[in-house]
Amino acid sequence: MMRFQHISHLIALGLIPVLILLFVMMVVWRRKKQKSLGDERLINNQVLGFIPGRNTLRFVLLAFAFGIIVIGWANLQMGAKTEKVQRKGVDVIVALDVSKSMLATDIQPDRLTRAKQLVQSMLDKMGADRVGLIVFAGRAYLQVPLTIDYSALKMMLGNVSPDVVPTQGTVISQAVDLAMNSFSQKEKKYKSLVIISDGEDHDEQAIEKVKEAAEAGVIIHTVGIGSPQGTTIFDPETQSVKLNDNGDPVISRLNEKALSDIASAGRGKYILLRNTDDAAEKLVDEINGMEQKSLGAVVFTDFKSYFQYFLLIGFVLLVAEWLLAGRRSNPKTGTA
């Protein structure tokens with residue numbers, strides 16, 4: 001198996017066509033200038049030490065050297081051997097509140113952005129667990145089924161906004177139901193649900209659903225986003241502060257008691273989000289403390305790097321270009 005350790009560095013290869021275009025433009029411009037002065041061949045003969053094609057050869061060497069050095073920078077690797085590594089982990093579903101109250105800015109830059117940062121930080125700290133994503137507001141939707149492809153999950157997370165769930169509300173009970181259906185129905189353990197919300201306007205069935213999930217072996221943690229004092233909500237549709245029926249600004253507040261009660265009923269922990277990394281660390285510690293199940297997989301290990309060979313070839317090409325004289329050392333003088 002071959003791979004590039006830093007495949008993003010290969011983007012630099014895109015500079016080569018640009019360099020070629022600039023070189024061609026320079027050659028064309030130079031020829032036009034010579035033609036404006038007279039016969040191109042005679043003018044070249046008059047230039048002391050001029051070697052036809054030498055500039056092109058030096059450019060080709062430089063372009064090849066640049067490309068090969070970039071490939072070396074990306075570090076081509078080959079798997080020296082394969083090894084069956086036993087993966088262990090649990091199934092984790094993150095239920096993310098995307099109601100408009102999550103746009104409140106009592107935690108900067110806003111509750112939803114901080115919640116998404118928390119999920120990303122969790123993924124960075126997790127290893128072999130399978131993770132899924134549910135978004136909910138007035139309804140709940142499975143955004144990403146359980147997967148070990150954290151990159152795909154992060155990409156989907158970046159597109160999450162209140163627009164993905166047009167119905168407003170905070171139906172935590174639906175999110176719990178959907179999570180239960182997304183977990184394996186055969187296992188009574190190895191399952192955890194992390195609910196991230198401000199807890200505002202949650203439905204009354206939430207506690208009962210959480211108790212049912214706990215009896216089925218799901219550990220449920222909750223993360224509170226926002227402040228108990230609350231703040232106004234920016235409405236993207238009206239581009240102004242959201243108002244109630246009386247025309248007064250709507251104040252959205254973090255409901256810590258509701259989220260704490262849900263965590264207790266789910267045999268998990270309630271965490272108030274202050275520092276994103278700290279909260280992610282606590283959640284991952286709780287998940288890692290659970291009994292793990294086997295997720296056997298074959299992976300490639302002991303990759304051998306070959307960047308040094310590419311760097312050596314690039315260096316040789318650069319030396320060759322440097323040694324190539326641009327002009328003859330003993331140029332012929334003009335004919336008598």
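**Strand β8 and its sheet**

I began with strand β8 and found both of its faces covered, with V218, I220, T222 and G224 buried on one side and I219, H221 and V223 buried on the other; buried means under 20% relative accessible area, exposed over 50% and partly exposed in between, with a 1.4 Å probe and protein chains only. I noted that this is a predicted model, in which local features need pLDDT of at least 70, side-chain atom pairs count only at pLDDT 80 or more, and totals for chains, interfaces and linings use all residues. Residues are numbered from 1 along each chain as its sequence is written, and side-chain values use heavy atoms, leaving out hydrogens and water.

Two strands pair if DSSP finds at least two bridges between them. Strand β7 (residues 191-197) runs parallel to β8 (residues 218-224) and is joined to it by seven bridges, with V194 opposite H221. On β13, which is also parallel to β8, I found three bridges, and there I271 stands opposite V223.

I then traced the whole open sheet, whose six strands follow the order β6-β5-β4-β7-β8-β13 with mixed pairing. Because β6 (140-147) and β13 (270-272) each have a single partner strand, they stand at the edges, and one side of each is left without a neighbour in the sheet.

Methods. Helix = DSSP H or I, 4+ residues; strand = E, 2+ residues; numbered from the N terminus.
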